[in-house]
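Notebook open, model loaded. I'll jot down what I look up as I go.

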Amino acid sequence: MNTYNQMNELQSNEEITIWDVVSFVKDGWRWFAGGLVAGAVGAVGFVLVSPAQYEATAVVQPASVGMSAISTKGGEVEPVVQTLERLKLATFYTDTLVQSCQAASRQGLAASVKAIQVKGNSLIQVSYRAPSAAAAETCVNAVVEQLAKSQTTIAEPVIRMLEEQLVLTRKQLTEAEGFQGQLEKRAVSSADSASLLMLSALSKREEIARLQKLLIEQKVQLSAPFTQPMQLLESIYAPERPVAPKKLPVLVGGLFGGLVLGGLVFFVRRSWLARKAA
């Protein structure tokens with residue numbers, strides 16, 4: 001029974017009541033206040049010392065190529081995921097591009113350029129931060145141009161193939177139309193085989209109609225929006241308001257950190273004094 005009472009007394013002694021917390025805060029309010037002041041000073045100092053960063057953002061539509069005469073939309077020159085990975089490679093960025101972005105190196109530029117796929121479609125958002133809005137916009141524009149050149153190079157063989165198919169279809173159509181004209185002339189001049197020649201001419205006319213339809217489809221596949229280079233969806237967005245450092249989050253973080261630090265210092269000091277007195 002005595003053991004049970006001792007355990008209850010020990011447990012009650014170890015429990016922290018609301019009054020203990022109030023007493024703790026009351027005794028250490030100077031340390032908490034000092035921590036808040038130190039945190040605020042640190043946050044303001046960080047904001048003043050840290051250079052302002054401006055961000056430019058562009059949304060681009062990847063290049064597309066009409067893959068066949070029966071497709072309903074142009075095919076992507078390369079998957080969006082592959083394009084995003086390309087932007088992460090330092091080898092993608094040229095020395096001229098590094099200079100345009102005022103970057104220290106290709107590796108640094110590759111790490112600073114941010115690119116994501118716009119959710120729900122194949123659009124790509126490219127952003128970059130710089131000491132000024134103009135510098136950020138210049139860099140994003142240069143990156144988009146470099147990416148457009150890359151996709152144009154990839155698309156060239158496919159476009160060349162489609163153009164060759166168009167030339168072939170046009171040639172076949174010209175030959176079929178010429179042959180049909182000859183059949184019709186022979187049918188008029190030859191009474192004996194007129195029916196047979198007219199049947200042949202009608203058959204050729206069906207082939208001509210098929211080739212004409214194919215020619216139109218191939219022309220459509222080689223024109224926008226089926227075949228088009230990478231292009232900006234809208235103008236590059238580069239506001240004159242800096243995006244970093246963010247003053248309010250830094251200030252809140254500084255105040256909270258200072259408050260915690262002040263309470264921790266007070267607790268350690270109080271514990272040390274208690275042990276020293278004991």
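I started with a side-chain pair: Gln-218 and Thr-169 make a polar contact of 2.9 Å (an N or O pair within 3.5 Å; within protein, one atom must be able to donate a hydrogen and the other to accept it, and residues adjacent in sequence count only if both atoms are side-chain atoms). Gln-218 sits in helix H8, residues 194-221 (helices are DSSP runs of H or I, at least four residues, and strands are E runs of at least two, numbered from the N terminus). I looked up its burial too: Gln-218 is buried at 9% relative accessible area (buried is under 20%, exposed over 50%, partly exposed in between, with a 1.4 Å probe and protein chains only).

A note on sources: this is a predicted model, where local features need pLDDT of at least 70, side-chain atom pairs count only at pLDDT 80 or more, and totals for chains, interfaces and linings use all residues. Residues are numbered from 1 along each chain as its sequence is written, and side-chain values use heavy atoms, leaving out hydrogens and water.

Next, the sheet. I find four strands in an open, antiparallel sheet, ordered E4-E5-E1-E6 (a pair needs at least two DSSP bridges). E4 (114-117) and E6 (231-232) are at the edges with a single partner strand each, so one side of each has no neighbour in the sheet. E4 pairs with E5 (residues 124-130) over four bridges, and Ile-116 stands opposite Gln-125 in E5.

Last, Val-113. Leaving out residues up to four places away in sequence, Val-113 touches Tyr-93, Val-126, Ser-127, Tyr-128 and Val-143 (contact is heavy atoms within 4.5 Å).
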